[in-house]
Amino acid sequence: MESVLDRVGEGDLTARMAVRGSGDLARLAQGINSALVRLERVVEGMRQVSTDIAHDLRTPLGRLRFRIEAAAARATEGSRLAEDLDAALEESDTLDATFAALLRIAEIEAGARRARFAPLDLGEVLVRIVEAYEGVAEEAGQNLSLSLSVTAPIHGDRDLLVQLFANLVENAIRHGPAGTRIECTVTQEGDCPQATLRDTGPGIPAAERELVLRRLYRLEKSRTSPGTGLGLALVKAVADLHGADLILADAGPGLRVTLRFPPFRASA
């Protein structure tokens, strides 16, 4: 154990205890290994955030600099600056939202919100989301519906789950053309509560379904449309925090997103 902890202290976060038998030392070793797994995930998440910022925020920072330089040039010419300053402010707001989302994802991945877990009904969360976004979908010429066939109790953080499903519905509305149908269902698969969102929009190519769950990854490579590329990364972080399986699949046409939660235990 001392040897493994020394290796961890030197930066080797892959070091693990050898677990032998079933006595007190074995249980202690298993507990230390579990703590090391969580520590490795947190540190890797921090490294990934740093990499994402270094690579993917250069473009909006460059646009912000360009806007400011343009405004400065116009100022020397005595021209009006309102348009350039408004554009610079918009870029600044986007950067602020990106950093806030990155920090939120890091907090979720570190498990800091588990203390707020409580029994709740998955269907009630979806009812809240559909009521909030029905009008938005109608304005876009789309249809948003909900089908509840069972009561689906889970343990979770209500606010984070609302954010998760809001991100999924917003994505479907934003990327779907007029006439898109967005169908939300809550079912029970064996002992596991399950929520499914299916839309008839453009979908996501099979080769990119894992990639879109990464921070700052966007299907639209030119990044000319609004968005930070963090919506689905936050969905993944919240799903992982709840121990839920997140499955993206072809809906023929469109995308089907399934979240399968662990069986509910009243004593959890």
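Biologist: Leaving aside its neighbours within four places in sequence, which residues is Thr196 in contact with?

Modeller: First, some ground rules. This is a predicted model, in which local features need pLDDT of at least 70 and side-chain atom pairs count only at pLDDT 80 or more, while totals for chains, interfaces and linings use all residues. Residues are numbered from 1 along each chain as its sequence is written, and side-chain values use heavy atoms, with hydrogens and water left out.

Now the residue itself. With its neighbours within four places in sequence left aside, Thr196 is in contact with Glu183, Cys184, Thr185, Arg256, Val257 and Thr258. Contact here means heavy atoms within 4.5 Å. Thr196 belongs to strand S5; helices (H or I, at least four residues) and strands (E, at least two) are DSSP runs, numbered from the N terminus. Thr196 has a relative accessible area of 11%, so it counts as buried. The cut-offs are under 20% relative accessible area for buried, over 50% for exposed and partly exposed in between, with a 1.4 Å probe and protein chains only.

A nonpolar core is a set of buried Ala, Val, Leu, Ile, Met, Phe, Trp, Tyr and Cys residues joined through side-chain atoms within 4.5 Å. This core has 49 residues, and those touching the most other members are Leu122, Leu144, Leu164, Phe165, Leu168, Leu246 and Leu259. H6 provides the largest share, 10 residues. In soluble globular proteins, nonpolar side chains tend to be buried together.

Take Leu122 as an example. Beyond its neighbours within four places in sequence, Leu122 has contacts that include Phe165, Val186, Pro193, Gln194 and Ala195.

Helix H6 also packs against another helix. H6 (residues 158-175) and H7 (residues 231-241) meet at an angle of about 145 degrees, and their axes are 9 Å apart. Axes are lines fitted to C-alpha atoms, for helices over the stretch in contact, and angles run from 0 to 180 degrees between N-to-C directions. Among the residues of H6 that meet H7 are Leu160, Leu164 and Leu168, and the H7 side includes Leu234, Val235 and Val238. By class, this contact has 10 nonpolar, four polar and no charged residues. Ala, Val, Leu, Ile, Met, Phe, Trp, Tyr, Cys and Pro count as nonpolar, Asp, Glu, Lys and Arg as charged, and the others, Gly among them, as polar.

Eight of the 11 residues of H7 are buried, so H7 is largely enclosed by the rest of the structure. Those buried in H7 include Leu232, Ala237 and Leu241. After H7 comes Gly243, with a positive phi near 70 degrees.

The loop between S6 and S7 holds Pro253. The peptide bond from Gly252 to Pro253 is cis, with omega near 0 degrees. Most residues other than glycine have a negative phi, and most peptide bonds are trans.

Arg41 has 62% relative accessibility, so it counts as exposed.

Last, the whole protein. It has seven helices and seven strands, and 38% of its 268 residues count as buried. Of the contacts between residues at least 6 apart in sequence, 67% join residues at least 24 apart.
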